[in-house]
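Hello,

Here is the structure I promised to pass on. Please open it first, then read my notes below.

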Amino acid sequence: MTSWPKDNAKVIDDSTPNLGALHDDETKMNIKKDVIKNKWELCDYTTDIADDEAVVEILPDSLVLKIFGYLDTANLCCGVRPTCRHWYELSYDRSLWRLLDVSESAVTDAELLMLLDTVKDQVQEINLGRCSALTDVGFVHAGITCTKLRKLHVNNTQISDEGLSALVHKYPHLRQISVYMCPCLSSIYAHLSKLNYLEEFVNPYLGMDDPPEDFITGLSGILGNCTRLRVLVIDECPSLTDDALEQIAQQCPLLAKLQLVGSMNVTDDGLVAFSKGCLSLLSLNVAMTTIGDHAIAEITTRCRSLQNLTISGAARITDRGLAAVGRHCASLRCLVVNDSFVTPSSVTDTGISAIARGCRQLRYLEICYCQHVGDTSVVLLARCCPLLEKLHVMGSEGVTDVTLQAVAETCPRFSCLVAQSCPGITDVGITALLTKCRQLEVVDVARCTNVKSFGEILVESPSRLSVLDVSMCEAIGGAALQQMAEWSPGLDHLFMHGCVEVDDDGVRALVQRCSILQHLELSVLPSQRSLVTDVGLGHIATHCKHLQQLNIRGNCYVTEAGLLLLLTKCVALRRLFLTVGAGTELEEDSIFQLVEAARGRCEALLTGTGAPDARNANFRFPPLAKTLYCQKNENVMDFGLY
C-alpha cells in the first residue's frame with residue numbers, strides 16, 4: 001500500500017494503480033518512453049522502484065512543472081492543489097500563471113477575485129471571454145493589480161463602459177485587448193484610444209449586423225495613438241473603404257499582419273495604396289473580398305518578406321496573382337487557397353506550380369475543394385518544398401495517392417494531412433505516409449471511402465500519430481483498429497463516426513494499446529446500429545483513464561450497467577454523447593438519475609435524432625476527482641470552471 005504524508009489530501013479510488021507493477025521491465029520502458037520525451041537523464045530505470053514510492057517522486061520539480069504547464073486553470077486549482085502539500089506549493093509557481101484562462105465558464109466575481117489574488121504577481125494574460133456571470137466587480141478587481149498583465153480578453157461578456165474605462169486606466173500598458181461582442185459597451189473608441197502601447201487590434205464590432213456609422217472615424221482615432229500596432233483584424237466591415245485603408249498604412253507603418261476577411265468594399269486600389277506604406281507586412285488575409293491579381297502583384301512586389309497569404313473565396317485572384325507571389329515571395333511559409341462555393345476559386349495547377357518553383361520555404365498549404373488543382377502541381381510542390389509540414393486537400397478530387405507518395409518520399413518533416421472526401425486516396429497513400437513520415441501527428445481522411453485498412457506498416461518504432469479521423473470509412477473495422485493501435489499507441493484523439501464494423505473486440509484491441517486516449521468517437525448514423533456493447537464500454541473504462549470525451553450515439557446494446565462502470569472508472573470524463581429512448585436499452589429518466597448519482601452536478605442537453613421516441617443526450621460534467629474533492633470539502637470554491 002502506498003504511504004502518504006499525514007498532511008496530504010488525496011482522493012483515492014479503486015482505480016489507483018498498483019505501483020508494484022513497476023518492477024516489470026516492459027512497464028519501466030513504457031514509463032521511460034512516455035515521461036522522458038525530451039531526453040532528460042533523470043534516473044537509472046534498471047534499478048527497482050520501491051512499492052511505496054510514487055513515480056512522480058523521482059521526477060525533478062522542473063519536469064513536474066513542465067507537465068503541469070499542459071493543464072488548464074480548472075485542473076490546476078481543483079486537481080493538482082488537493083493532491084499533496086508539495087504539489088500545492090508547485091501549483092503557484094510563476095511559470096504556470098503567465099496565462100489565466102477561465103473563458104466559457106460560470107466563474108463568479110468572488111471566485112475570480114480569489115484566483116487573481118493568488119496569481120497577481122505572475123499573470124501576463126487573462127481570458128474572461130464568455131464568462132456570463134461576471135460583472136464589473138470582477139472585471140475591474142479593485143484592490144488587486146496584476147503588475148505584469150499585457151493581454152486581456154473580455155469578449156462576449158457584460159462589461160460596461162464604466163468597467164472598460166476603469167480597466168484601461170488601471171492597465172495603460174496593455175498590448176492586446178479583445179472587447180468584441182460586448183452589448184453593454186457604447187463608446188469603445190474613447191477607451192481604447194488611451195492604450196498607447198496597443199500592438200493588436202480586433203474589430204470590436206465583429207459579427208454585429210449594424211456596426212456604428214462612425215466606425216472608421218473611431219478606428220482612426222485609436223490608430224493615431226497606437227503607433228506600435230503590429231496586428232490589425234477588420235473582418236466583415238462594410239464601412240472599410242480604400243481611403244480608410246490608405247490612412248491605416250500612414251498611421252501604422254510597422255503593421256505586420258492585416259486581415260480583411262469579408263470586407264467587400266475594399267478594392268485593388270486600396271490595397272495597392274496600403275502596400276506603399278507598410279513594407280514590412282508579413283501576413284495578409286483577403287479571403288471573401290473583391291481583391292484581384294493587380295493588388296496581389298503590387299503588394300508582393302513591395303512586401304517581399306510576406307510569409308502568410310490567405311485568398312480563399314477571392315475569386316478575382318487567379319493563376320496570374322499566384323505567379324507574382326512565386327516570383328517575389330521566396331520566404332512564403334503558408335498559403336491558403338480554399339474554394340468557398342459561393343465564389344469558386346479560379347486557381348489551377350498552373351498557379352500552384354508557380355508557388356512550388358518560387359516559394360521553396362513553404363510549410364503549409366490549403367487547397368480545399370479546389371477542383372482545378374490535382375496531383376500534377378501538388379507532387380511538384382512536394383518535390384520543390386521539402387520543408388512542407390501540413391497539407392489540407394479536403395474535397396479536392398484531383399488529389400490521389402500519387403500526391404501522398406510524393407510527400408512521403410520528399411518531405412521528412414511532414415506532420416499533418418487533412419484530406420476529407422478525397423475518393424482518390426486509398427490505403428496505399430495512407431500507408432506510405434504512416435511508414436515514411438516519422439513526424440506525422442495528424443491524419444484526417446474522413447469520408448475517404450476507399451480507405452479500408454492501413455496496409456503493412458514496416459517500421460520498428462512507434463509513430464508520433466496523435467489524431468486520426470476515419471469517420472464514414474465504413475470498411476474500417478477491428479483488424480484495421482488493431483493495426484493502428486500497434487503502430488500508434490500515442491493516439492489521444494480518434495474519430496470513427498459511421499464506422500459500423502467496429503465491435504467490442506476492435507475496441508479492446510484499440511484501448512489496450514492506446515491507453516492515453518482523450519477523445520473517442522464511436523457514434524453511427526441514425527439509420528445504423530452500433531455493435532459496441534457493455535463489454536466494449538468495460539474495456540474503455542478499464543484502460544482509458546485519461547478519457548475526456550466519448551461519443552457513442554446509436555448505442556443499441558449499451559445498458560445502464562455499462563454506463564455506470566464508464567462514469568465511475570473514467571475519472572477525467574467531461575463530455576458524454578449517447579442516445580436514449582426507442583431502439584436503445586436506455587430510458588431517458590433513469591439515465592439522468594444514474595448520471596447524477598455517479599457524477600453529481602452536470603449540464604445536460606437533449607436533441608432530436610430524426611427517429612420517433614429517441615433522442616440524443618449530451619452531458620457535460622466535471623472530472624470525478626474534482627466532484628469527490630468538493631464533496632469531502634464542503635467549503636471549497638469550485639470556481640465554476642466546468
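How many helices and strands does the secondary structure of the protein come to? The count is 23 helices and 21 strands. Keep in mind that this is a predicted model.

**Overall**

The protein has 642 residues, and 52% of them are buried. I also looked at contacts between residues at least 6 apart in sequence. Of these, 75% join residues at least 24 apart.

**Helices α12 and α13**

Two packed helices are described by the angle between their axes and the distance between the axes. Start with α12 (residues 293-302) and α13 (residues 319-328). Their axes come within 8 Å and cross at roughly 5°. An angle under 35 degrees counts as roughly parallel, so α12 is roughly parallel to α13. On the α12 side, the contact uses Asp293, Ile296, Ala297, Thr300 and Thr301. On the α13 side, Arg320, Gly321, Ala324, Val325 and His328 take part. By class, the residues of this contact are four nonpolar, four polar and two charged.

**Helices α15 and α16**

Next, go to α15 (residues 375-384) and α16 (residues 401-410). Here the axes lie 9 Å apart, at an angle of about 5°. This pair is therefore roughly parallel. From α15 come Asp375, Val378, Val379, Ala382 and Arg383. They meet Val402, Thr403, Ala406, Val407 and Thr410 of α16. Six residues of the contact of α15 with α16 are nonpolar, two are polar and two are charged.

Which residues of α16 are buried? They are Asp401, Thr403, Leu404, Ala406, Val407 and Ala408. What covers the buried residues of α16 includes α15 and α17 (427-436). The strands β12 (390-392) and β13 (416-418) are also part of that cover.

**Cavities**

Rolling a probe the size of a water molecule over the atoms shows where empty space is left. A search of the whole structure gives five cavities of 30 Å³ or more. The largest cavity has a volume of about 60 Å³. Its lining consists of 13 residues. Which of them lie nearest the centre of the largest cavity? Look for Ile311, Gly313, Ala314, Ile317 and Ser345. The lining of the largest cavity has seven nonpolar and six polar residues, and no charged ones.

Best wishes

Technical notes
Residues numbered from 1 in each chain as written. Predicted model: local features only at pLDDT ≥ 70, side-chain atom pairs only at ≥ 80, totals over all residues. Heavy atoms only, no water. Axes fitted to C-alpha atoms, helices over the stretch in contact; angles between N-to-C directions. Helix = DSSP H or I, 4+ residues; strand = E, 2+ residues; numbered from the N terminus. Parallel < 35°, antiparallel > 145°, perpendicular 65-115°, else oblique. Contact = heavy atoms within 4.5 Å. Nonpolar A, V, L, I, M, F, W, Y, C, P; charged D, E, K, R; others polar. 1 Å grid on protein atoms, 1.4 Å probe; cavity = no way out; pocket = protein on both sides within 12 Å on 5 of 7 lines; lining within 4 Å. Points joined across faces, edges and corners; volume = space filled by probe spheres on them. Buried < 20%, exposed > 50% of the residue type's maximum accessible area, 1.4 Å probe, protein only.
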